[in-house]
Amino acid sequence: MVDPTWHWIVRQICKADIAGPEEGESKPDGKVDVHDLLKVLSGYSKQHETRHAADIDNNMLVDVTDLLYILKHYDKECPQQKRGFFGR
């Protein structure tokens, strides 16, 4: 039997995987890395009329809470969003 705590942890990591290496509006790539960090920094401290991809806590502002969330899960993998050589 799979530990339910594991599913919760994976969901938290996947929530932090917000961008991939492609230019523009890239899709999550299965790993919380520099691309996710750069996505947060690109929208940091700006009020947004629509939800920014890096607004993890859905308060319409990319702030320190979103940045810390990415840093907490940095360098972890999200198996549900992992892409192969040719993408999803």
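This is a predicted model: local features need pLDDT of at least 70, side-chain atom pairs count only at pLDDT 80 or more; totals for chains, interfaces and linings use all residues.
1. The partners are Cys 14 and Cys 78, with their sulfur atoms 1.7 Å apart, and the link is right-handed, with 90° about the S-S bond. Distant parts of the chain are joined by this pair, since Cys 14 lies in helix α1 (residues 4–16) and Cys 78 in the segment after α3, 64 residues apart. Cys 14 counts as buried because its relative accessible area is 10%, and Cys 78 counts as buried because its relative accessible area is 1%; buried means under 20% relative accessible area, exposed over 50%, and partly exposed in between, with a 1.4 Å probe and protein chains only.

2. Residues are numbered from 1 along each chain as its sequence is written, and side-chain values use heavy atoms, with hydrogens and water left out.

3. Of the 88 residues in the chain, 38% are buried. Contact means heavy atoms within 4.5 Å, and among contacts between residues at least 6 apart in sequence, 44% join residues at least 24 apart.

4. The largest nonpolar core has 15 residues, of which Ala 16, Ile 18, Val 32, Val 40, Ala 54 and Ile 70 touch the most other members. Such a core is a set of buried Ala, Val, Leu, Ile, Met, Phe, Trp, Tyr and Cys residues joined through side-chain atoms within 4.5 Å. Two or more residues of this core come from each of α1, α2 and α3. Leaving aside residues up to four places away in sequence, Ala 16 touches Val 32, Asp 36, Ile 56, Tyr 69, Ile 70 and His 73.

5. The accessible surface of the chain comes to about 6,000 Å², of which 58% belongs to carbon and sulfur atoms; such areas come from the Shrake-Rupley method with a 1.4 Å probe, and for residues only the protein chains shown count as cover. At least two residues of a nonpolar surface patch are supplied by each of α2 (34–43) and α3 (64–72). One of the patch residues is Tyr 74, which is placed in the segment after α3 and counts as partly exposed because its relative accessibility is 36%.

6. Two residues deserve a look at the backbone. Ser 45, in the loop between α2 and α3, has a phi near 65°, a positive value in a residue other than glycine, and counts as exposed because its relative accessibility is 54%. Ser 45 and Asp 63 are 18 residues apart in sequence and 5.5 Å apart in space, C-alpha to C-alpha, and Ser 45 touches Leu 61 and Val 62, not counting residues up to four places away in sequence. Asp 75, found in the segment after α3, also has a positive phi, near 70°, and is exposed, with a relative accessible area of 51%.

Methods
Patches are made of residues with over 30% relative accessible area and no salt bridge: like charges are joined within 9 Å, nonpolar side chains (Val, Leu, Ile, Met, Phe, Trp, Tyr) within 5 Å. A salt bridge is a side-chain nitrogen of Lys or Arg within 4 Å of a carboxyl oxygen of Asp or Glu. Helices (H or I, at least four residues) and strands (E, at least two) are DSSP runs, numbered from the N terminus. A disulfide is a pair of cysteine sulfur atoms within 2.5 Å.
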